[in-house]
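Hi everyone, thanks for coming.

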Amino acid sequence: MEEYFSPGHSACAGCGMPITVRHALNVLGKDVIVVNATSCLEIVSSAYPRSAWGVPYIHSLFENAGAIAAGVVASLRSQGNNHTKVVIFAGDGSTYDIGFGVLSGMLERNDDVLYICYDNEAYMNTGNQRSGSTPFGAATTTSPAGKVRHGKLQWKKPIAEIIAAHKVPYVATASIGYLADFENKVRRAKDLTGARFILTLAPCVTGWNYDSAKTIEIAKLAVDTGLWMLYEVEDGKFKLSLKPSQFTPVGDYLKMQGRFRHLNEDEIKFIQEHVNKSWSEVK
Amino acid sequence: MKFAIAKPRTSRENKTGDWRSSRPVTDTAKCIKCGTCVSVCPEGCVSGPDVKKSIQERELPKTDYDYCKGCGICANECPVKCIAMVLEEK
Amino acid sequence: MVRKTEEASIAIAEAVKNCEPDVVACYPITPSTHIAETLAKFYSDGELKCFIATESEFASISAICGASAAGGRAFSTTSSQGLALMHEVVYAAAGMRLPVVMVVGNRALSAPLNIWCDHQDSIAERDSGWIQLYCESAQEGLDTAIQAFKIAESTMLPTMVGVDGFYLTHTVEPVDVPTVEEVRKFLPKFNPQVKLDTENPISIGEYAMPADYQSFREDVHKDNLAAKSKIVEVHNEFQQMFGRNYGGLVESYRSEDADYVFVGMGSVIGNAKEAVDELRAKGKKVGIVRIRSFRPFPEDEVRKMLEGKKHVAVFEKSYSMGSFAPVYADVVNSLYPLKKRPMVSSFIGGLGGKDVTVKHVAEIFKTIRKREHMRVWV
């Protein structure tokens, strides 16, 4: 089997990000060009003079992956190459925040690009600063749990919904806790054209503060508690991927992670109610 | 004319195996060759059971200790719990 | 060649179209918008392979960087705030050695907001590693845009062509636009050694540790300097084929035996030439050195042309607040090695489109007869 993402990269032991990349590239195969925003992924995989990538790869800046990819695919098509796929790997920092406008432009133009966001819920590359993706109550270095304020006070930006509202061909949420589901979604996206987006929960050992062996387990628990909903929106039609027959209490998920250690029972209950409410609104 | 570029897969020159403090050891007698350890490894340094093949045709898993960082995900996810994380001798 | 009378922006867009770019990505901004609009019309008419109307200038320069990295010829145009917004990518493009071409309709930078001509926008990018060429006329603008692709693609340095906002972008005059066939004879197909290619899957845009990083940066500088000979070579080739001469890196107008020389860039040289002719008719020994290539700065040529002059007035439409005017500073530094240096004074004017007339230039020549060093805002 050809290796599209090699070992020897310097991601932390137990990092969710290379798991995401390996599985995505397993499905996408050799005929791809990867566009990567500045991120943990970029730093660990492309330090001069080495590279972990076995497919053509370009890194430009933090916030312009969407536009770089638009240019790459346009250039390929102008040169007569109609088969090579262009895929973006970007973290939540680039996707939710600094690169959001550029992403929106790419979606509006329906550029033929598959955008995969590996979401570790903070700016992890620079040491765990809060992003628009950081969940309510999580402690980061710019939303620390202090005497007056208990972590991030805002809810996570509903990025997948915003992207789906652009009415692009395919939007999906995924988690590395459900790898077969993730691969299926990459496979579905691969067969379509136009702007496609997959948001993948990829836990971060260092930032979330948990035992490195638990990465997949935590990513699965996020889904099983209902905190992370797995779904697809294809051509405007919403399709739930998984509804837990019995939801695990969110507390089980939160208590596994140091970034939530400061939350008291009332705050956990508040989060549980929020999760319950969001599921009651799902058809 | 210098370009800040790199050849593919050259990260293999960086043997991250020296990061770990424990190593996964598989009890091959219990192993069912499901391929989970291959799938979940962040390094992609476990080879062997190819899920595209039938169970009889699959090989036993083999960890490339040159790269294994000892994260323990394989041990945690193994459905038959046949991987033990063993402390590295100094 | 097709001779027509049209707005320079349209002619420039035609020239760019005839270079057969693979990707054009633009965001509109006064006064370069007409270039973008004309290219969009070509695309709608099926005469241009690709036109991406991006959501910002930051996206348009990023898109052309991606396009270039994927082996395509790429172009954009912008001015002022748009170029300022692109700043981060401007540096990245040079550092990544992506040979994109950009026509800048030179315009003032906010604040205050102003849509008219000066050079602050592109001067602000002078340290980036891009090649910067400034044009005096509409004809030179469209010719230099064509040359820019050849220069960029052979030096692997992105190239900026400065065309004065309104003075050039919006004026209507007779121009000769080389045809597609003629351009094909001049401009070879873009075939970069380094590109995104599934047959040879390299990684572009790596991150570098300190020693490597400095080495890469020094390399950009060295290659920018080395581009001087390529700029001259391409200029001369173009002159051979199309018969038009712009001097190469610098252009002299009656400066050889002049005692007093006006140094400048861009369309103001047109008025300066009229002032020189008037004064020469009265017996005054005056002349002009026009700087065409600002980056790389033609240090040797400037030194040679200004040695022995009594007083040089460097006029420019930009400034470095709190310090010296940039073109003036480069001229003074170029003269530094001389044992006997001419006096050089700095004149700043035309900011935000403030008028610089023939009378203003004549006044500058009159002022520098005083042989006192000065720095004056005109």
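Helices (H or I, at least four residues) and strands (E, at least two) are DSSP runs, numbered from the N terminus.

A word on what you are looking at. This is a predicted model, in which local features need pLDDT of at least 70 and side-chain atom pairs count only at pLDDT 80 or more, while totals for chains, interfaces and linings use all residues. Residues are numbered from 1 along each chain as its sequence is written, and chains are lettered from A and ligands numbered from 1 in the order in which they are written.

Now to that crossing. In chain C, α10(C) passes α13(C) in a right-handed crossing. Helix α10 covers residues 268-281 and helix α13 covers residues 358-368, and the two pack at an angle of about 55° with their axes 8 Å apart. Axes here are lines fitted to C-alpha atoms, for helices over the stretch in contact, and angles run from 0 to 180 degrees between N-to-C directions. Angles under 35 degrees count as roughly parallel, over 145 as roughly antiparallel, 65 to 115 as roughly perpendicular and the rest as oblique. So α10(C) and α13(C) are oblique to each other.

Which residues of α10(C) and α13(C) make the contact? From α10(C) come N271(C), A272(C), E274(C), A275(C), E278(C) and L279(C), and from α13(C) come V358(C), V361(C), A362(C) and F365(C). By contact I mean that the C-beta atoms of two residues, placed from the backbone, lie within 7 Å. The residues of this contact between α10(C) and α13(C) divide into seven nonpolar, one polar and two charged. For those classes, Ala, Val, Leu, Ile, Met, Phe, Trp, Tyr, Cys and Pro count as nonpolar, Asp, Glu, Lys and Arg as charged, and the others, Gly among them, as polar.

Let's step back to chain C as a whole. Its domain assignment gives domain 1 (2-242) and domain 2 (252-377), with bounds that come from an automatic or database domain assignment. The C-alpha centres of domain 1 and domain 2 of chain C lie 27 Å apart. Their contact takes 27 residues from domain 1 of chain C and 21 residues from domain 2 of chain C. On the domain 1 side, α6, β6 (131-134), β7 and α9 of chain C give two or more residues each, and α9(C) has the largest share, five residues.

In α5 (residues 87-95) of chain C, V89(C), V90(C), A92(C), A93(C), A94(C) and G95(C) are buried. A residue is buried if 20 or more other C-beta atoms lie within 10 Å of its own, exposed if 12 or fewer, and partly exposed in between. What covers the buried residues of α5(C) includes α3 (57-69) and α9 (210-242) of chain C. Just after α5(C), R97(C) takes a positive phi of about 60°.

The peptide bond from T30(C) to P31(C) is cis, with omega near 0°, and P31(C) sits in the loop between β2 (23-26) and α2 (33-44) of chain C. A cis peptide bond also joins A111(C) and P112(C), with omega about -5°. P112(C) lies in the loop between β5 (101-106) and α6 (120-123) of chain C. F166(C) has a positive phi of about 65° although it is not a glycine, and its loop runs between β7 (159-164) and β8 (172-177) of chain C. Is F166(C) buried or partly exposed? With 17 C-beta neighbours inside 10 Å, F166(C) counts as partly exposed.

Finally, the chains together. 37 residues of chain A are in contact with 37 residues of chain C. On the chain A side, α3(A) gives the most, with ten residues. As for the other pair, 28 residues of chain B are in contact with 29 residues of chain A. There α2(B) gives the most to the chain B side, with four residues.

Key:
Left-handed = near helix turned anticlockwise from the far one by under 90°.
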